[in-house]
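Hi,

Here is the model I promised to pass on.

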Amino acid sequence: METLLLSTSDEDIALAAEMIKNGQVVGIPTETVYGLGADASNEEAVRSVFAAKGRPADNPLIVHLADFSHAVKYTSSIPELAYKLAERFCPGPLTMVLPKNERIPMVTSGGLDTVGIRVPSHKAMHRIIELSGCAIAAPSANTSGLPSPTSAEHVMRDMNGRIAAVVDGGQSEFGVESTVISFDGADAVRILRPGAVTREMLLEVCGEVVIDPAILHEVDAGAKVASPGMKYKHYSPKADIIMVEAAMDDFTALVGENYKDNVWALVFDGDENGFPYRNMTYGADSSGQAHWLFQRLRELDDLGAEKVYVRAPSTEGVGLAVYNRLIRAAGFEVIRI
Ligand code: TXA
Ligand code: MG
């Protein structure tokens with residue numbers, strides 16, 4: 001199959017929507033990362049998404065809607081708090097896990113009786129959902145296990161020949177996937193995956209926000225997890241990633257002791273000044289780091305990096321999302337000095 005590269009012109013958006021309506025899989029831009037979109041109620045189309053990614057069948061897909069008011073069509077009940085959150089954060093990078101109804105097939109929900117609902121803000125994505133008339137199931141458009149794609153080029157690299165088309169909607173704004181939450185009582189939510197809607201922001205609407213322990217710690221093999229994605233190795237480039245929590249002096253010394261061919265450092269903007277070893281920078285603050293992280297991990301692979309020492313980001317605000325992706329990319333290998 002030849003994968004078409006589409007633009008965000010009216011004709012191309014209409015074509016992408018038509019393809020999804022007809023059961024094909026299309027790479028689509030969102031404000032977080034690119035997704036692999038298919039009609040959420042078409043079992044065969046959804047199976048093609050799992051096949052294109054090589055994704056385990058028990059890892060559910062997020063369902064994307066044009067407006068949160070459409071969630072009633074696909075869920076069996078919606079708590080009051082979800083409406084309050086939607087008012088504040090939809091459209092945007094927030095996914096709410098709700099009890100699903102029969103319009104969402106078990107293939108889409110990975111066998112769970114819940115569904116993650118998200119209303120993306122990216123204009124082209126919004127148009128595609130509207131024109132297709134579908135709820136669009138879309139996981140991140142990477143091959144399972146690799147870093148999520150933040151450009152159409154990344155999607156092409158992973159998916160060329162495996163899907164019908166990719167819509168180039170530019171570089172993803174946030175660069176990390178949406179915040180995934182579940183409901184923990186009338187006024188409380190639990191963060192299952194941190195993203196650009198931060199704990200601090202959720203606390204403006206919710207009485208209590210619990211951070212699931214699996215966000216920062218490895219789960220034991222066979223343990224019961226709140227979100228299937230927590231079990232799998234993720235965001236991993238070919239290179240061996242090592243997170244380092246240390247001041248710049250100690251970080252520099254550590255890289256020096258281990259320096260040889262194909263060893264790299266991934267540091268904050270500004271750290272590179274006077275740093276004597278091969279390096280790349282990934283932003284100055286948490287949102288910059290979120291924006292650049294996956295792009296840099298892919299670039300390091302292109303350069304043949306075998307070992308990458310990464311300065312660990314702050315866990316404040318959106319930094320928690322960056323830290324969470326990195327610690328998984330590192331297989332939980334952290335050096336603290
Ligand atoms: O920003 C995003 O969320 C992107 C864009 C394309 O929208 N999508 C995305 O999908 O990151 P994916 O499939 O790569 O990650 C979805 C995560 C997985 O870890 C999955 O286990 C979890 O959300 N998830 C989905 N539905 C769930 C459910 N019903 N219950 C618990 N966790 C769920
Ligand atoms: Mg993903």
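Which strand gives the largest share of the shell around ligand 1? That would be β6, with four residues. Before the rest, some housekeeping: this is a predicted model, where local features need pLDDT of at least 70, side-chain atom pairs count only at pLDDT 80 or more, and totals for chains, interfaces and linings use all residues. Residues are numbered from 1 along each chain as its sequence is written, chains are lettered from A and ligands numbered from 1 in the order in which they are written, and side-chain values use heavy atoms, with hydrogens and water left out.

**The ligand**

There are 26 residues around ligand 1, and Thr32, Asn59, His64, Ser178 and Ser227 come nearest. (A residue is near a molecule or strand if one of its heavy atoms lies within 4 Å of it.) Sorted by class, the shell has 12 nonpolar, 10 polar and four charged residues. Here Ala, Val, Leu, Ile, Met, Phe, Trp, Tyr, Cys and Pro count as nonpolar, Asp, Glu, Lys and Arg as charged, and the others, Gly among them, as polar. Both β4 (62-64) and β6 (114-118) supply at least two residues each to that shell. Helices (H or I, at least four residues) and strands (E, at least two) are DSSP runs, numbered from the N terminus.

Now for the polar contacts, meaning pairs of N or O atoms within 3.5 Å. An N or O atom in the side chain of Asn59 is 2.6 Å from an oxygen atom of ligand 1. For Ser140, the distance from a side-chain N or O atom to a ligand 1 oxygen is 2.9 Å, and for a polar side-chain atom of Arg118 it is 3.0 Å. On its own, ligand 1 has 670 Å² of accessible area, and the protein covers 96% of it (Shrake-Rupley method, 1.4 Å probe).

**The mixed sheet**

An open sheet of 11 strands runs in the order β1-β8-β2-β3-β7-β4-β6-β5-β9-β10-β11, with mixed pairing. Two strands pair if DSSP finds at least two bridges between them. At the edges are β1 (4-6) and β11 (208-211), each pairing on one side only. Strands β4 and β6 run parallel and are joined by three bridges.

**The parallel sheet**

Strand β13 (residues 263-267) pairs with β14 over three bridges, and Val267 has Thr281 in β14 as its bridge partner.

Most residues other than glycine have a negative phi, and most peptide bonds are trans. Against that background, look at the peptide bond from Cys90 to Pro91, which is cis, with omega near 0 degrees. Pro91 sits in the loop between α3 and β5. Then there is Asn262, with a positive phi near 65 degrees in a residue other than glycine. You will find Asn262 in the loop between α7 and β13.

Cheers

Technical notes: A polar contact is a pair of N or O atoms within 3.5 Å; within protein, one must be able to donate a hydrogen and the other to accept it, and residues adjacent in sequence count only if both atoms are side-chain atoms.
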